[in-house]
Amino acid sequence: MDLKTLSFIVVGFTFAIYIAIAIWAKASTTSEFYVAGKGIHPTLNGMATAADWMSAASFISMAGLIAFLGFTGGAYLMGWTGGYVLMALLLAPYLRKFGKFTVPEFIGDRFYSKTARIVAVISLLVMSITYVIGQMRGVGIAFSNILEVELATGLYAGMAVVFIYAVFGGMKGITYTQIAQYVIMIFAYTVPAVFIAIQLTGQPFPQIGLGGTLAGEDTYLLDALDKTLMDLGFAAYTSVAGMTMLNMFLLTLALMIGTAGLPHVIIRFFTVPRVRDARKSAGWALVFIGILYTTAPAVGAMAMYNFINTVQPGPVGDPQGNVIIEERPDWMLRWERTGLLQWEDKNEDGRLQYYNEANTEFAEMAREEFGWEGSEFTRIDRDIMVLANPQIAGLPNWVIALVAAGGIAAALSTAAGLLLAISSSISHDLLKGVFMPRISEKRELMAGRISMGAAILFAGYLGLNPPGFAAEVVALAFGLAAASLFPTLMMGIFFKRINREGAIVGMLVGLASTLLYIFLFKGWFFFPGTNVFPDTAEYWLFGINPTGFGVIGAILNFVAAYAVSSITKAPPEHIQKLVEEVRVPRVGTS
Amino acid sequence: MTQEESRAAYWRANLRLLAILLTIWFVVSFGFGILLSQPLNAFSLGGYPLGFWFAQQGSIYTFIILIFFYAWRMNVLDRKFDVHEE
C-alpha cells in the first residue's frame, strides 16, 4: 500500500475516534461546555491538559528548532515545562478554590471592576489568537504533508477541519477527546523516536540513547554530531549558538511565566473536584508532557545527524562525498512538493551540499578547495523536521503515517482548546458578563461559535504568512501571556494590597509594551512587510529577541501595579477577605 | 490559637515551602541549565555534557519531582492546620 493511502487510513481512523467521542459526550449545558461539569479525575485531567497544552508547536515544530539550535534549544524544553511548577505552586490551587469558569472572571471579581475584566479579556484574546496562528501553520504543514499538496491548500483543508471540530464539542467533548488525542500523540511521537534511537545507538530509550554511543562504535552520539557540524562550518551542537545566553535566559523565563498565565491551561484546573486535586493534576500534566519533552531533544539531535549524513554521506570536500541529486531520497521529493524544502545546484556538480555559508572563513575555504558555490538547500523549513524524521531514517510507512496523525492530533487539540477559550471569553465574559447580562444560554453558545469561526479565518490567513516558525509564533503568544495575565493573577492572590487601579494599569502596561515591541519587529498585527525594524539582533533593544521580551513586560506590569496600588486606595474590606479565603482550601471551623 | 492566627501560620508555612521549592526550580534550570552550563559541561553524564543534560533532560525531571513534593507537603500542611477538604 502506498504512503498516501496509508496516511489517509490512519488519519481517518483517528478522526473517527474523536468524532465518536464528541458525539457520545456532546455538551448540553453551558457548565459542561466550559468546564465539563467539574467532574474529571486528576490523572485524566492531567492527560487532557497535556494534550491541550502540547500543540503543533511542541509536536511538529519544537524538535526541529532544537535540531538547528542545539544546546540553546533547551530554552524551549525548560520554558515549556518549568512553567508548570509556577502554575502548580502559585496559581492552580487558588484559582480552583475561587471556583469560577474563566480567568477574566477571577480578575474581574478580585479587582472588583468590569474594566479589569475587559482588559483581561483583551489580553486573553490577543494571546490566544497569536497562539492559534502558530497552530494554523502546524495544521497546514501536517495536512499538506498527507495530502501531498502546497502549504496553502493544506492550510485551507486544516481550517475546515478545525472549524467543524471545535464548534461541535465544548469542554466535555474536548476533555474526553483530548485523552484519546494524548494517547495517539505520545504513541506517534515516541514510536519513531525509539526506532531511530535503536538504529543509531542500539538503545530503546531515546533519553538514554542521546547520551549513548553510536551503535557498534565507541564514539558518543553527541560528540559525533558536534564533529559533523563543525566539519561543515557550523558551531558545535552542545555549544552556545543560535541565540545569546541572555536571550536563552529571557526566552526560558518568558515561556515559563507565560505557561503559568495561559488561560486555556488554567481553566483545566477549574475542572477538577478539589483544591488538592488541582495541585496533583498539574504534576500529572507535567509527567505526561515530560514524556514528550524528554524525547524531543533526542528527536532533534538524531534528525540533524541523519539529515546531514543523508546529504553528506562521504567525507567533507570529497567530490563524491555528497548525495547525487538524481538519487536523492523520496522524502526530499515529497517535501519539495509542499514548497517547504528547496534546493538549487549552485555549482552544477549534480550533487547537493549543505554547510554554514554564513561562516565566511569556512565558505571561502570551501569555494577554493571544494568548488562549493554556496549551501545548496535554499529552504529547509524547521517545521518539517519532525514529520520528515521517520522518512529520513527510512522507517516503515505505517510509522510515517502515524506521525502525521499525531501531528494533526496535536494541532487540533490545542486549536480546539484555544478556540474554546476565545469563544468563552467573548460570549461568557464580554457578552454575558458585561454587555448583555440577560442573554439566553442558547444565544450565548451561538455567539461563542460565531467568534470561533472568525478567529479561525483570521488565524488561517496569518498562518499562510506567519511571523516565524510555529514554535516561535507560539513563543510570542507566551510572552504576551507572561506580560499581561500572570503577574495580575499572582498579585491577586499573594498581595492583598494590589487594587483595581494597580491591576488595570499593570495589565495595560505589560500588554502594550510587549505587543509594541513584537509589532515593531514582526509587523503590525503580524501583517507581513509592515515591520518598522528588521528582525535582527543589531536592531533589538539591548539585543533582546521579541520572543523573550515578555519577561520585560511582566516586570513592567509588576512595577506599575505595585506603584499605582500604593498611591491609591486599598481594596475594600470584602475583597481582602475574599483573598484570605482563596488562600485556604477550606475555611476552618475551629 | 485563634482561627486568624492559625490561618496566618498556615500561610507563612506555605510561603516558606514556596521559597524553598522555587529556589531549587531556579538553580536547576537557570543556574545549572543556562548560567553555569558551560563550566558544568566539563563534567559528563555518559555521553551528555552535564550542563547540556540539565538544559535538555535534568531540569524537566526536577520540575516533576518539585510539583509532587509540593502537592504531598501541602496536604500535610492542610491537615496540620485543619483546612483540608473532605
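**View 1. The two domains of chain A in this predicted model.** Chain A is divided into domain 1, which is made up of residues 3-11, 39-306 and 389-582, and domain 2, which covers residues 318-388. The C-alpha centres of these two domains of chain A lie 32 Å apart.

**View 2. The contact between domain 1 and domain 2 of chain A.** Domain 1 of chain A gives 30 residues to this contact, while domain 2 of chain A gives 19 residues. On the side of domain 1 that touches domain 2, at least two residues come from each of α4 (56-69), α7 (114-147), α14 (275-311), α17 (385-392) and α18 of chain A, and α4(A) gives the most, with eight residues. By residue type, this side of domain 1 of chain A divides into 18 nonpolar, nine polar and three charged residues.

**View 3. The largest nonpolar core.** This core has 216 residues, and those with the most contacts inside it are A:Met185, A:Ala301, A:Leu419 and B:Ile67. Helix α18 of chain A, residues 397-435, gives the most to the core, with 21 residues. Because domain 1 and domain 2 of chain A both give residues to this core, it lies between them.

**View 4. The surroundings of A:Ala301.** Leaving aside residues up to four places away in sequence, A:Ala301 touches A:Ala67, A:Leu210, A:Leu221, A:Leu222, A:Leu225 and A:Tyr237.

**View 5. The contact between chain B and chain A.** Here 40 residues of chain B are in contact with 44 residues of chain A. The elements of chain B that give two or more residues to its side of this contact are α1 (3-35), β2 (48-49) and α3 (50-80), and the largest share, 16 residues, comes from α3(B). The residues on this side of chain B divide into 23 nonpolar, 13 polar and four charged.

Key
Residues numbered from 1 in each chain as written. Chains lettered and ligands numbered in written order. Predicted model: local features only at pLDDT ≥ 70, side-chain atom pairs only at ≥ 80, totals over all residues. Contact = placed C-beta atoms within 7 Å. Helix = DSSP H or I, 4+ residues; strand = E, 2+ residues; numbered from the N terminus. Nonpolar A, V, L, I, M, F, W, Y, C, P; charged D, E, K, R; others polar. Core = buried A, V, L, I, M, F, W, Y, C linked by C-beta atoms within 7 Å. Buried ≥ 20, exposed ≤ 12 C-beta atoms within 10 Å, placed from the backbone. Domains from an automatic or database assignment.
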